[in-house]
Amino acid sequence: MDRRAFVKQAALGAAGAGALGALGACGNAGTAGGGAEAGQVTVDGPEITWRVASSFPRSLDIIFGAAEALAQRVRDLTGGRFNLRIYPAGELVPGLQVMDAVQNGTVQAGHTAGYYYTGKHPALALDTGVPFGLTARQQNAWLYEAGGLDLVRSVYADFGIINFPCGNTGVQMGGWFRRPLGSLSDLRGLRMRIPGIGGEVMSRLGVSVQLLAGGEIYLALERGAIDATEWVGAYDDEKLGFHRIARYYYYPGWQEPGVTLSLLVNRRAWDELPDLYKRVLETACRATNEDMLIRYDAANPSALQRLINEHGVQVLPFPQDILRAAWRESNAYLEEVAASNAEFARVYTPWKRFRAEAFRYFAGNEQSYMTFAFAEGLS
């Protein structure tokens, strides 16, 4: 399938988050007078170093690199006095145990995804994103402007953690499959790596679901321990080499339409920070949240073209009966959990209301533009 046909059918699009205006304010607030060179930040504060565990391997330069960019921003804005030392998945703790490490104080912070830890609390999925949920722009609007961040923070507070949005992948791809999918029945018995509520939905559709960290997926696919996997999108997936084993690449990423990564911070460590350092960290996280999406939006199109033209990958739409079944089971699952878990319902109910309003708006002006212009731009 060529790129033109893919774009015409998929209409995958995500815009960046809102502009960030506080960086200069933080820099000015932390600048001492005197002999500093123009543009150089000097801070009269303690020297602090935090250990930050990532859920991602170093080879993924955008998603792991976001934590490194965060560390650089914090270092620059505090004149080198507040340092975040970033550790890739497996170096200090396994990639899927980052929240545990933050909670017990093994590290002061972790860069990870809330939906890895839905076993601790199902509402943590809404910190990241759920199937058929919000796009990157909508997710940022919900978190920053519609009260979502306060709701999710109330959940993390039970674990002694405060969270900060710190990266978004945009809408992801649907996943890699060793065999083509003709209909819903082809999912039954399939072994697939897929986390969060997307995994729960796939399980309901007959898939044997496994949860693996990013650095473990290729080997599992190569050895035949799994038949399919999803990760992020074309740029990361090409780096991880999934196309060498699974040739069928499906869209859309209904399971993860706007995935937010988070910086999880141990609450005691946070409370011990000087106020300026708190402001710097919060501002740097917001800038990192925006920049990750920008980098993926810039890198994914050419990577997808390489996968098609150079590697012979077949890019295919999910059969409609799979999408309809996934939609049905996703909403049924969310409603069931809300009915049985009041804490989940407290986060989910306003999220659901926001999604309905956002979908109603975006289905008009935005969708009309994309449906016409994306196709015409390739004609």
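Me: How are helix H6 (residues 136-145) and H14 oriented to each other, and at what angle do the axes cross?

Reply: Helices here are DSSP runs (H or I, at least four residues), numbered from the N terminus. An axis is a line fitted to C-alpha atoms over the stretch in contact, and angles run from 0 to 180 degrees between N-to-C directions. In this predicted model, the axes of H6 and H14 cross at roughly 135 degrees and come within 11 Å. H6 and H14 are therefore oblique to each other (under 35 degrees is roughly parallel, over 145 roughly antiparallel, 65 to 115 roughly perpendicular, the rest oblique).

The model is predicted: local features need pLDDT of at least 70, side-chain atom pairs count only at pLDDT 80 or more, and totals for chains, interfaces and linings use all residues. Residues are numbered from 1 along each chain as its sequence is written, and side-chain values use heavy atoms, with hydrogens and water left out.

Me: Which residues of H6 and H14 meet?

Reply: Contact means heavy atoms within 4.5 Å. On the H6 side are Arg-137, Gln-138, Gln-139, Ala-141 and Trp-142, and their partners in H14 include Trp-351, Phe-354, Phe-359 and Glu-366. The residues of this contact divide into nine nonpolar, two polar and two charged.

Me: How does H13 pack with H14?

Reply: H13 (residues 320-340) and H14 (residues 342-376) pack at about 135 degrees, with axes 7 Å apart. H13 and H14 are therefore oblique to each other. Residues of H13 that meet H14 include Trp-327, Leu-334 and Glu-335, while H14 contributes, among others, Phe-344, Tyr-348 and Arg-355. By class, this contact has nine nonpolar, two polar and three charged residues.

Me: What span should the 15 residues of helix H3 have?

Reply: The expected span is 1.5 Å times one less than the number of residues. For H3 (residues 63-77) this should be 21 Å; the end C-alpha atoms are 22 Å apart, which agrees. Just after H3, Gly-79 takes a positive phi of about 60 degrees.

Me: Is Ala-234 buried or exposed?

Reply: Buried means under 20% relative accessible area, exposed over 50%, and partly exposed in between (1.4 Å probe, protein chains only). At 4% relative accessibility, Ala-234 counts as buried. Ala-234 lies in helix H10 (residues 234-240). Not counting residues up to four places away in sequence, Ala-234 touches Met-173, Tyr-249, Asn-300, Ala-303, Leu-304 and Leu-307. Ala-234 and Gly-175 are 59 residues apart in sequence and 10.0 Å apart in space, C-alpha to C-alpha.

How values were computed: Helix = DSSP H or I, 4+ residues; strand = E, 2+ residues; numbered from the N terminus. Nonpolar A, V, L, I, M, F, W, Y, C, P; charged D, E, K, R; others polar.
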